Amino acid sequence: MRAKASGAPVRNRASCDADSPHGVPESLTPWLNLRDNGCNGLGMSWHRHGRGGRRGYHHGNLREALVEAALDLIAEKGPAGFTFAEAARHAGVSPAAPYRHFRDRDALMADVARRGFERFEQQLAAAWDEGRPSPLTAFDRLGKAYLAFARSDPAYFSAMFEAGLSMAEHRELQEAGDRAFAVLRGACETLVVAMPAAKRPPAMMMALHVWSMSHGIASLFARGDAARRPLPMSPEELLEASALIYLHGLGLKSDR
């Protein structure tokens, strides 16, 4: 995968590495915009096959290209199976180019994981739908949405939960994860109100229990990659049965 320059011959690799922040003095960076430098400056375009099929890559989309490259590599090799340089090569840029946007590989993975949690939050919130038409029905949808995300977005799922990133070192990632968890916690707060007073657990404790149960089933049996394990029933059926047993023990009866 290599650069295609429009209207100018392509020079050797060394000259095209001028897009690196380490390749030229900072004072000369504006000159990278010129189209007569052999690399076509900000006008250079790239083409590659990725998760979305063949697409053009323009210099202004370097961050997006790197995120897509990371997702491709996670799907192929797992979240720990590739280097920062491999992500750059997969995106079709020089090994130094990613440093324009990311401090290191962990920073790239944190950005991928953050985006995953944002997608996750949106899907969970849509499934919960503020508890309509009834909290138990919405809660069932919430669990199925958790499983559906693990199945449909396995690369994001892996980046979010299996990349070994420190939440404390990546504040935006932690905040995105907290917002996703808040959907589940809010649902549990709604359900707790309907429980017999003597059996009401703290909503946070209930949310952690349900999260652990849902995540375990998603990770073992519902994920959309080769790590999925066989199960004599659907993951949705297993989660539904587990949730009913748990909620019944707290005094909540099915509204079906």
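Reader: Which residues of helix 2 are buried?

Author: This is a predicted model, in which local features need pLDDT of at least 70, side-chain atom pairs count only at pLDDT 80 or more, and totals for chains, interfaces and linings use all residues. Residues are numbered from 1 along each chain as its sequence is written, and side-chain values use heavy atoms, with hydrogens and water left out. Taking buried as under 20% relative accessible area with a 1.4 Å probe and protein chains only, and helices as DSSP runs of H or I with at least four residues, numbered from the N terminus, the buried residues of helix 2 are L62, A65, L66, V67, A69, A70, L71, D72, L73 and I74.

Reader: How do the axes of helix 8 and helix 9 cross, and is helix 8 roughly parallel or antiparallel to helix 9?

Author: With axes as lines fitted to C-alpha atoms over the stretch in contact (heavy atoms within 4.5 Å), and angles from 0 to 180 degrees between N-to-C directions, the axes of helix 8 (residues 203-222) and helix 9 (residues 235-249) come within 10 Å and cross at roughly 160 degrees. Because angles over 145 degrees count as roughly antiparallel, helix 8 is roughly antiparallel to helix 9.

Reader: How much of the chain counts as buried?

Author: The chain has 256 residues, and the share of them that counts as buried is 44%.

Notes: Buried < 20%, exposed > 50% of the residue type's maximum accessible area, 1.4 Å probe, protein only. Helix = DSSP H or I, 4+ residues; strand = E, 2+ residues; numbered from the N terminus. Parallel < 35°, antiparallel > 145°, perpendicular 65-115°, else oblique.
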